[in-house]
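Please look over the structure below before reading the notes.

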Amino acid sequence: MTAIAVVAVLTGSASACSEESPKDMEAARRAQTALDSANEALEQEREAETKLIRKCMNDQGFKVFPSDGADSDSDNGRKRSEDLTPSPETARTVGYGADPRRSDNQKARENGDDFDALPEDVKRAHSMAMDGYVDKPEGGVEFDFGGGKVMVPSRGCRGETLKAVYGDVKEYLRLNWTVYNTVKQNSAHILADDDAYQKALSEWASCMKSGGYPEIPTPEKAREAALSYYANVQDGDTAALDNAQRAEIKQATTDAECGTKVGLNTKAREAKSKASADSLVKHEGEITAWLELVTKAKGRAQELLRETS
């Protein structure tokens, strides 16, 4: 089960960097940095929020959950840090986070068959406890973004947890929608068109090759390679899982060293800042407010988790 999220269809906005003033570019860089920090804080908040929701449901006697949990769209707005290569500290400790024994990876492997086998009245009671409604969403908190509305529950474990963590749920919806629909860009397209980033990427790939990874030309392929270490490893085979984790961390450490050497994350951030400068400048206040809101929510969620553990 994952935490509450708002559906967000990423849209592009854009401006040529040559048309931006130095002052605007500085504002865009500040906003992009704030956005990246918000994504990192949001990931930590969601982890604690998920545990709070699960505990709330457990306290009411619900021990079995559907495999898609609280929200299958929890990846909107974040799944992990937007950095393309891991930090040295992250690389040394968890690599890319691919180890299936990690708690966040376990969520994706929950068995929905057990939930599907439950009697219908139990599943309906589960929905009522979770959201405060069964078949039709009702009584939720809404935000009208001009072309429609988004809503989250105001009751049930989800609604109660969201209110406890964020306080002003409507403001949460407004800022979430603005940041992840109005501001965010198509990163893959932006990076493909940026010469400075492409140069850094080429240097990163050469560094990876020198480090013993000639078949990894991009950060995306690096993460795919990390997952491959765990392919065909049986659950419970601790020795094999440990070997896979060591291989993952070794690769991630090389990745982090190469990324730091060529400044890949910085070049990617600069490319995104240039491409989305108009939107970032226009919404810098909202992005900063989102970062502040999410940071406070993360603290509240973690504090509530400590109090209830």
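**Aromatic rings and helix packing**

Both Tyr172 and Trp290 are buried, that is, under 20% relative accessible area, where exposed means over 50% and partly exposed in between (1.4 Å probe, protein chains only). The model is predicted: local features need pLDDT of at least 70 and side-chain atom pairs count only at pLDDT 80 or more, while totals for chains, interfaces and linings use all residues. Residues are numbered from 1 along each chain as its sequence is written, and side-chain values use heavy atoms, with hydrogens and water left out.

**Ring pairs**

- Rings of Phe, Tyr and Trp (its six-membered ring) pair if their centres lie within 6.5 Å; planes under 30 degrees apart count as stacked, over 60 as edge-to-face and the rest as tilted. By this rule there are four aromatic pairs.
- The ring centres of Tyr172 and Trp290 are 5.9 Å apart and the planes are at 40°, so this pair is tilted.
- Tyr172 belongs to helix α7 (residues 169–183) and Trp290 to helix α14 (residues 284–308), so the pair links distant parts of the chain, 118 residues apart. Helices (H or I, at least four residues) and strands (E, at least two) are DSSP runs, numbered from the N terminus.
- Tyr180 and Trp290 have ring centres 5.8 Å apart and planes at 85°, so this pair is edge-to-face.
- Tyr180 is in helix α7 and Trp290 in helix α14, so this pair ties together parts that are 110 residues apart in sequence.
- The relative accessible area of Tyr180 is 0%, so Tyr180 is buried; Trp290 is buried with a value of 0%.
- Tyr166, Tyr172, Tyr180 and Trp290 are linked into a cluster by ring pairs.

**Helix α7 against α14**

- Two packed helices are described by the angle between their axes and the distance between the axes.
- The axes of α7 and α14 come within 10 Å and cross at roughly 130°. Axes are lines fitted to C-alpha atoms, for helices over the stretch in contact, and angles run from 0 to 180 degrees between N-to-C directions.
- The angle makes α7 oblique to α14; angles under 35 degrees count as roughly parallel, over 145 as roughly antiparallel, 65 to 115 as roughly perpendicular and the rest as oblique.
- Contact (heavy atoms within 4.5 Å) involves residues of α7 including Tyr172, Leu175, Val179 and Tyr180, and residues of α14 including Ile287, Trp290 and Leu293.
- The contact residues of α7 with α14 divide into nine nonpolar, two polar and three charged. Ala, Val, Leu, Ile, Met, Phe, Trp, Tyr, Cys and Pro count as nonpolar, Asp, Glu, Lys and Arg as charged, and the others, Gly among them, as polar.

**Around α14**

- His283 is found in the loop between α13 (277–282) and α14, and counts as buried at 10% relative accessibility.
- Not counting residues up to four places away in sequence, His283 touches Thr178, Thr182 and Val183.
- The axes of helix α6 (residues 156–166) and α14 come within 7 Å and cross at roughly 115°.
- Tyr166 of α6 and Leu293 of α14 are among the residues that make this contact.
- Leu42 is in helix α1 (residues 22–59) and counts as buried at 0% relative accessibility.
- Leu42 and Thr295 are 253 residues apart in sequence and 7.5 Å apart in space, C-alpha to C-alpha.

**Whole protein**

- The protein has 14 helices and two strands.
- Of the 309 residues in the protein, 43% are buried.
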